[in-house]
Amino acid sequence: MGEPNVWSVARLPDVEHRNADVTVNGFEMPCEIPADHGPEPVGATPFGLLAGSLAACTAMSVRTFLRQWRIDPGEVEVRVAVRPGTPPMMDRRVAVTGAVDPDMRGQLATEVDNTPVTRLLRDSVSIRTVLTTG
């Protein structure tokens, strides 16, 4: 089976510590573990990193798809929120400033719903998407 292309490591220095030191392919960042009933921390959290993975994958997939069709995507912004609940849900808002005709917009929506991270998550969490184009 070959080597994995992504290595992530998290270390908690001791049981009292609320910050994990996270390394992804050599890039280091702190990740705070939220308190059970407190406010969401300011920095990276496990759900925040998961939302960031979906947002980054979606943005790169949108840009790649539109460029393949020789459409200037302009700015691509993807915002992802994790909504607590049973089961939890993710809200994804995809905004493309470039002009996309209606037929291509439908194909773009299909592409958004089939990005690699979306496919990985969709059996575990509901992802609601809103797509807007220039």
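Guide: Let's start with two terms: strands are DSSP runs of type E with at least two residues, while helices are runs of H or I with at least four, both numbered from the N terminus. Two strands pair if DSSP finds at least two bridges between them. Keep in mind that this is a predicted model, where local features need pLDDT of at least 70, side-chain atom pairs count only at pLDDT 80 or more, and totals for chains, interfaces and linings use all residues. Residues are numbered from 1 along each chain as its sequence is written, and side-chain values use heavy atoms, with hydrogens and water left out.

Now for the sheet itself. It's an open one made of 3 strands, in the order E1-E2-E3, with antiparallel pairing. At the edges sit strand E1 (8–11) and strand E3 (27–32), each pairing on one side only. On average, neighbouring strands here are turned by 25° against each other, direction ignored; the axes behind that angle are lines fitted to C-alpha atoms.

Zoom in on strand E2, residues 19–24: E2 and E3 pair in the antiparallel sense over 6 bridges. To find one of them, look for Asn19, whose bridge partner in E3 is Glu32.

And the setting? The protein chain has 3 helices and 6 strands, and along the sequence they follow the pattern β-β-β-α-β-β-α-α-β. Along its principal axes, the C-alpha trace of the chain spans about 55 × 35 × 25 Å. Of its 134 residues, 27% are buried, meaning under 20% relative accessible area with a 1.4 Å probe, protein chains only.

Methods: Buried < 20%, exposed > 50% of the residue type's maximum accessible area, 1.4 Å probe, protein only. Axes fitted to C-alpha atoms, helices over the stretch in contact; angles between N-to-C directions.
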